[in-house]
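Dear colleague,

Please find below the structure that I am handing over to you, together with its sequence. My notes on it follow directly after.

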Amino acid sequence: MIRQLHESVSVIENAQDYDLHRKGKVRLIDPLFMIQGSLIRISEQSDKVKRMGQEAYEKAKKGTYVKIVNV
């Protein structure tokens with residue numbers, strides 16, 4: 001959206017030196033799937049998916065810090 005204001009602007013994520021902080025509603029996806037006739041969460045079946053969900057939750061809870069950089 002910033003590029004719509006000025007074409008030669010770029011943004012980077014930087015939690016120490018930032019111009020904007022954006023924190024939205026936390027929405028995570030952990031779908032159900034059927035295995036042997038029972039519905040279970042995919043995170044209960046895969047440690048990798050569970051870890052990815054935790055990392056996404058922590059990042060969403062912290063928010064995004066954006067630094068505007070002129071190009």
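A residue is called partly exposed when its relative accessible area falls between the limit for buried, under 20%, and the limit for exposed, over 50%. D19, with a relative accessible area of 42%, is therefore partly exposed. Please keep in mind throughout that this is a predicted model.

Strands of a sheet pair through backbone hydrogen bonds, either parallel or antiparallel. Here, 3 strands make up an open sheet with antiparallel pairing, and their order is β1-β5-β2. Strands β1 (9–13) and β2 lie at the edges, each of them pairing on one side only. From one strand to the next, the twist averages 35°.

Strand β2 covers residues 20–22 and includes L20. Strand β5 covers residues 64–70 and is joined to β2 by 3 bridges, the two strands running antiparallel. Within this pairing, L20 stands opposite V66 of β5.

L20 also has a place on the surface. Its relative accessibility is 42%, so L20 counts as partly exposed. Together with V11 and I68, L20 forms a nonpolar surface patch whose accessible area comes to about 220 Å² in total.

**Salt bridges**

How many salt bridges does the model contain? The count comes to 4 salt bridges.

The side chain of K67 meets that of D17 in a salt bridge, at 3.6 Å from N to O. Since K67 belongs to strand β5 and D17 to the loop between β1 and β2, this pair ties together parts that are 50 residues apart in sequence. D17 has a relative accessible area of 40% and is therefore partly exposed.

K67 also forms a salt bridge with D19, at 3.7 Å from N to O. This pair likewise links distant parts of the chain, with K67 in strand β5 and D19 in the loop between β1 and β2, 48 residues apart.

As for accessibility, K59 counts as partly exposed because its value is 43%, whereas E13 counts as exposed because its value is 51%.

**The aromatic pair**

A pair of aromatic rings is described by the distance of the centres and the angle of the planes. In this model the count comes to 1 aromatic pair. The pair consists of Y18 and Y65, with 4.6 Å from centre to centre and 65° between the planes, an edge-to-face arrangement. Y18 is in the loop between β1 and β2 and Y65 is in strand β5, so the pair ties together parts that are 47 residues apart in sequence.

Are the two tyrosines buried or exposed? Y18 has a relative accessible area of 38% and is therefore partly exposed. Y65, at 18%, is buried because the limit for that class is under 20%.

**The hairpin of β3 and β4**

Strand β3 (residues 32–35) and strand β4 (residues 38–41) pair in the antiparallel sense, with 4 bridges between them. The hairpin has 2 residues between its strands.

**Helix α2**

Helix α2 spans residues 42–45 and includes S43. The relative accessible area of S43 is 16%, so this residue is buried. S43 and V26 are 17 residues apart in sequence, and their C-alpha atoms are 17 Å apart in space.

With kind regards

Note on methods: Residues numbered from 1 in each chain as written. Predicted model: local features only at pLDDT ≥ 70, side-chain atom pairs only at ≥ 80, totals over all residues. Heavy atoms only, no water. Patch = residues over 30% accessible without salt bridge, like charges linked within 9 Å, V, L, I, M, F, W, Y side chains within 5 Å. Areas by Shrake-Rupley, 256 points an atom, 1.4 Å probe, with all protein chains shown as cover. Buried < 20%, exposed > 50% of the residue type's maximum accessible area, 1.4 Å probe, protein only. Pairing = 2+ DSSP bridges. Axes fitted to C-alpha atoms, helices over the stretch in contact; angles between N-to-C directions. Phe/Tyr/Trp six-rings, centres within 6.5 Å; stacked < 30°, edge-to-face > 60°.
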